[in-house]
Amino acid sequence: MTEPKTSSAVEASLTALAVSLRGVTKAYDNGVTALGPFDLTVRKGEFISLLGPSGCGKSTALRIIAGLSAPSSGTVRVARHEGSVQPGHLRPGHGIGFVFQEPTLMPWTSVRENVRLPLRLAGVPKADARARADAALASVGLADFADAYPRELSGGMKMRVSLARALVTDPDILLMDEPFAALDEITRFRLNNDLLVLWRRLGKTVIFVTHSVFESVYLSQRVVVMTARPGRIQADIRVETVEPRGEEFRTSAAYSDYCRRVSAALAPSYSGQSTL
Amino acid sequence: MSAQAPITVRSSGAQRAMRFVLPVIVFAAGLVAWELVVRIKGIPPYVLPAPSVIVLTLIKDWTVLSQSLATTLLTTLEGFLAASVGGIALALVFNQSKWVEYSLFPYAIVLQVTPVIAIAPLLLIYLEQQTAVVVCAFIVAFFPVLSNTTLGLNSVDRNLAGLFQLYGASPPQTLRLLKLPAALPYILGGLRIAGGLSLIGAVVAEIAAGTAGAGSGLAYRIAESGYRLNIPRMFAALLLLSLAGIVIYGVLALVSHLVLRRWHESALGKED
């Protein structure tokens, strides 16, 4: 990307819907309502963050979008392929990549085999799958570690492997559940930058769950602030700045201004939580 | 947040060597004391044979004892294999169906808590002797394999299971690529216990069978030698049984280490 564009110019080309949730709720058997009613619309190629206090149901929302958890009520629509929006019941498929809070790697096998897993489960021939796994590893800067075992890697590297595994099927949508929360700040900043580079290059739709105001503003085009449990949308704040973003954005006045606005929107979500 | 100083004391090479040397010294000292007491007090071999006499008996009776050793080891191996296959297979069935688990698990516990020495005479009535002995070894060794495998299959990482679900893995794929590898350390732990237990089961059954009829295992030799007051041979057979137990444990521990060494905490060194 040679010429910096404003995010609104990027949006102009993004009209198709990637994810749409309407009146989605999630109640557990014990009667606790974790989520909703929750409405969310994400356009193709958009990078949005779900931001909220612990236990507000943002991970639940992500698991519902992924099809790992069924909503108690409401409708979920996820676009699987170019232009097609499949309505109704959600089936697990390959259109979605998921990055968990922990790296969630299989410790008993090599990094390459971990990344190859989604292709293997889909029955992709071994040689082809290996080549794609190696390409995915190269895209996250881990080409030299394909034969290593997960325990031999640092926390940041494991997270990169997890990201490579989510990307290996070339999904349209990437769901990330507080992926960098357990990492130190330096590693986290570097992974933030690498994620933005990957997003710009691959044009995936990204839904990123976090409880860090600073991370959400830095990464996303839209920050969706959620209330305390049961999670609803408190605010939907658009972050518009000169793209591509880099370290200079992190120290800019506009950045701190957005962070202030997002923090202010988040404050009511915490006010009810003074009782420990 | 301050950096924590490592608390673990790293054992130096000398310390590690002492872990092997000290038990050997204790063993040697015990043997010398035993030998001396027997010689100085002039204790007859039919009361307490000296270690040297036991070793000589072992050499002299090697033909008989080695055949008995082979018999006992074969029984142990058969019982162990049956327990391994049966325990793992039943755990897999339990894992697939809660109803089967609820229906059968109590009986697996009953089988475990009933002393095998009390079951052996009954088995000997209904089964052929060789079969009965193997079944005893199986009964004793079966439960740890079953319970450890069950534990392992239930210890699969929730997120990994979610990942398999997300990518539409079939039940056989989930079993082969996720559940069995995740359960492997537990299964190997169960097998390590089962190895020693199947030897115990075989010995118990042989002793029970020994009074009933012809037998040729090591435990039968011990019982037989006892009736004949051939105390040195009793000790020699006991020594062989003990060595067999150590070797079985060592082999299984080695297999476990070789299988897990690249990834599981239990097989990794203390230093990272």
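Reader: What covers the buried residues of H5(B)?
Author: This is a predicted model. In it, the cover over the buried residues of H5(B) includes helix H6 (129–153) and H8 of chain B.

Reader: Which residues of H5 in chain B are buried?
Author: H5 spans residues 116–126 of chain B, and Val116(B), Ala120(B), Leu123(B) and Leu124(B) are buried there.

Reader: Why do they line one face of the helix?
Author: Look down the axis of H5(B): the buried residues fall within an arc of 100 degrees, so they line one face. The general rule is that an α-helix has 3.6 residues a turn, so residues three or four places apart point the same way.

Reader: And what is exposed on the face turned away?
Author: Ala118(B), Leu122(B), Ile125(B) and Tyr126(B) are the exposed residues on that face of H5(B).

Reader: Switching to the contact between chains. How many residues of chain B are in contact with chain A?
Author: 14 residues of chain B, and they meet 19 residues of chain A.

Reader: Which helices of chain B supply at least two residues each?
Author: Helix H7 (158–166) and helix H8 (171–210) of chain B each do. H7(B) gives the largest share of the side that touches chain A, with 6 residues.

Reader: Now chain A. How many helices and strands?
Author: Chain A has 9 helices and 10 strands. Of its 276 residues, 43% are buried.

Reader: Take strand E7 of chain A. How many of its residues are buried?
Author: E7 covers residues 173–177 of chain A, and 5 of its 5 residues are buried. Ile173(A), Leu175(A) and Asp177(A) are on one side, Leu174(A) and Met176(A) on the other, and both faces of E7(A) are covered. As a general point, side chains in a regular strand alternate between the two faces of the sheet.

Reader: In which sense does E6 of chain A pair with E7(A)?
Author: Parallel, over 4 bridges, with E6 running over residues 96–99 of chain A. Gly97(A) stands opposite Leu174(A) in E7(A).

Reader: How many bridges join E7(A) to E8 of chain A?
Author: 5 bridges, and the two strands run parallel, with E8 at residues 205–210 of chain A. One pair: Leu175(A) has Ile207(A) as its bridge partner in E8(A).

Reader: What unit do E7(A), H6 of chain A and E8(A) make?
Author: A right-handed β-α-β unit, where H6 takes in residues 185–202 of chain A.

Terms used: Residues are numbered from 1 along each chain as its sequence is written. Chains are lettered from A and ligands numbered from 1 in the order in which they are written. This is a predicted model: local features need pLDDT of at least 70, side-chain atom pairs count only at pLDDT 80 or more; totals for chains, interfaces and linings use all residues. A residue is buried if 20 or more other C-beta atoms lie within 10 Å of its own, exposed if 12 or fewer, and partly exposed in between; C-beta atoms are placed from the backbone. Two residues are in contact if their C-beta atoms, placed from the backbone, lie within 7 Å. The arc is that of the directions from the helix axis to the C-beta atoms. Two strands pair if DSSP finds at least two bridges between them. A crossover is right-handed if, with the strands pointing away from the viewer, the path from the first strand over the helix to the second runs clockwise.
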